[in-house]
Amino acid sequence: MSALAEKIRDGRFLRLIRSMLKAGYLEDWQYHATLSGTPQGGVVSPILSNIYLDKLDQYVERVLIPRHTRGTRRRLNPQYAVLANKRWRAVRRGDRASAREPLRRMRAIPCNDPMDPGYRRLRYIRYADDHLLGFAGPRAEAEQIRAALAVFLRETLRLELNQDKTLITRARSQRARFLGYDIIVQHCNTKISRDRRAPNGSRSANGSIALLVPPDVIKAKCAPYRQRGKPARRAALLNRSDYDIVRVYGAEYRGIVNYYLLATNVARLSALRWNAETSMLKTLAAKHNSSAAKMRDRHRAVTQTPRGPRTCYEARITREGRQDLVARFGGIPLTRDKNATIADPVPVSTRPRPRDLIQRLTARWCELCERHAVVTAHQIARLADLGQPGQGQPAWAVLMAQKRRKTLVVCAECHQHIHASPVTRAA
């Protein structure tokens, strides 16, 4: 409440939030008082959590990062410098054979001093209550940072740092899990890039951060499609149409692949594609009492992607006069896209179109002029009394004939207009 009161001056709003925090909760129809925290599953709980943990963000950015960040770059490794000078002298003499041995040894050691006491870097990121700190420095200082975080959370925010989940990981040899990704620091002395600034090439992979798809995630995502150690059909989908079956499989596969497109090893999801594809074909085959091979030939298609054509599977619903409905599985290149983003479509607000008369009345929506108002129901005895559309009938009669309804929910003005313009029936 004190954090909210720093920038919100509306006392009524603050009292409303305070009442919500103290409202308590029901569990098995037993009332329990709320002693601390926000309501579990509450609509405003995520934003209140972010507002509260903003104090943590400010502490890390204003205190910890300046304290544990120093130096512009690491100093040169003395051993590397000796080998570089030896190689340079051999090249200058024209003795290329003698220059190869220093170069081979240079590519086995770091060019900069990894233990330079004058160089430190600390980076921080948080998503909801998960946070990750990247630190370039010794483990002893990393433990000091964790201890400082624990003290701040306990004394300032009255929170406890989960010691079992707050791990110190050596990123070069171990993996850190964050938001479903494994994060590592790459190291490969044999991968040489040709850079104009480095005539002899540089080990560009060393020290760069990589995002990976965790092996246990791949195994867990494949599990719903497997039974007894192999892909199997899904009985729950057998009563669906081909369009719905392909759409369900395609949506599940597309969501997982699009989330992990930032991973360097996203190609490992080919195992997920094979399991999901085989399960989908077996489900279609069981529905039509056919074989998976025939279903493969029936639904196979080719789609164009930014990386060229890709094979996929499609199911179509043809509609006369309108564009076909297409459900697609696959067709996504399993190649890392470092600029990939997850686009959440903005929900489009649409007015309800209930069929029940009571729901139509309580919606307070005029079906003739399409605006919110106090409404009433206009009713006729028979649809035949409306005549044929296109014979000079008023708009309300045409609308009722198209909807094939004997009732029309309208506002007072439209209701008066309806009675002022009756239907003319042909003799």
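Begin by selecting α3 (residues 45-67) together with helix α6 (residues 139-155): the two pack at an angle of about 140°, with their axes 11 Å apart. That angle makes α3 oblique to α6, the class left over once angles under 35 degrees are called roughly parallel, over 145 roughly antiparallel and 65 to 115 roughly perpendicular. Axes here are lines fitted to C-alpha atoms, for helices over the stretch in contact, with angles from 0 to 180 degrees between N-to-C directions. Helices (H or I, at least four residues) are DSSP runs, numbered from the N terminus.

The model is predicted: local features need pLDDT of at least 70, side-chain atom pairs count only at pLDDT 80 or more, and totals for chains, interfaces and linings use all residues. Residues are numbered from 1 along each chain as its sequence is written, and side-chain values use heavy atoms, with hydrogens and water left out.

Remain with the first pair. The crossing of α3 and α6 is right-handed, that is, the near helix is turned clockwise from the far one by less than a right angle. Show Lys-55, Leu-56, Tyr-59, Val-60 and Leu-64 on α3, then Ile-145, Ala-148, Leu-149, Phe-152 and Leu-153 on α6; these residues make the contact (heavy atoms within 4.5 Å). By class, this contact holds nine nonpolar residues, no polar ones and one charged, where Ala, Val, Leu, Ile, Met, Phe, Trp, Tyr, Cys and Pro count as nonpolar, Asp, Glu, Lys and Arg as charged, and the others, Gly among them, as polar.

Next, select helix α4 (residues 78-93) and helix α5 (residues 96-106), which pack at about 160° with axes 8 Å apart. This angle makes α4 roughly antiparallel to α5, and their crossing is left-handed. On the α4 side, display residues including Tyr-80, Leu-83 and Arg-87; on the α5 side, Pro-102, Leu-103 and Met-106 are among the partners. Nine nonpolar, one polar and three charged residues form the contact of α4 with α5.

Move on to helix α8 (residues 242-259) and helix α9 (residues 270-288), whose axes come within 10 Å and cross at roughly 170°. The pair is therefore roughly antiparallel. Residues to show include Tyr-249 and Tyr-253 in α8, and Ala-276 and Met-280 in α9.

Finish at the second largest pocket, with about 670 Å³ of space. A pocket is an open set of points on a 1 Å grid over the protein atoms alone, where a 1.4 Å probe fits, with protein on both sides within 12 Å along at least five of seven lines; lining residues have an atom within 4 Å of a point. Its volume is the space filled by probe spheres set on the points, which are joined across faces, edges and corners. Of the 21 lining residues, Met-1, Leu-21, Gly-37, Thr-38 and Tyr-52 are the closest to the centre. Helix α3 gives the largest share of this lining, six residues.
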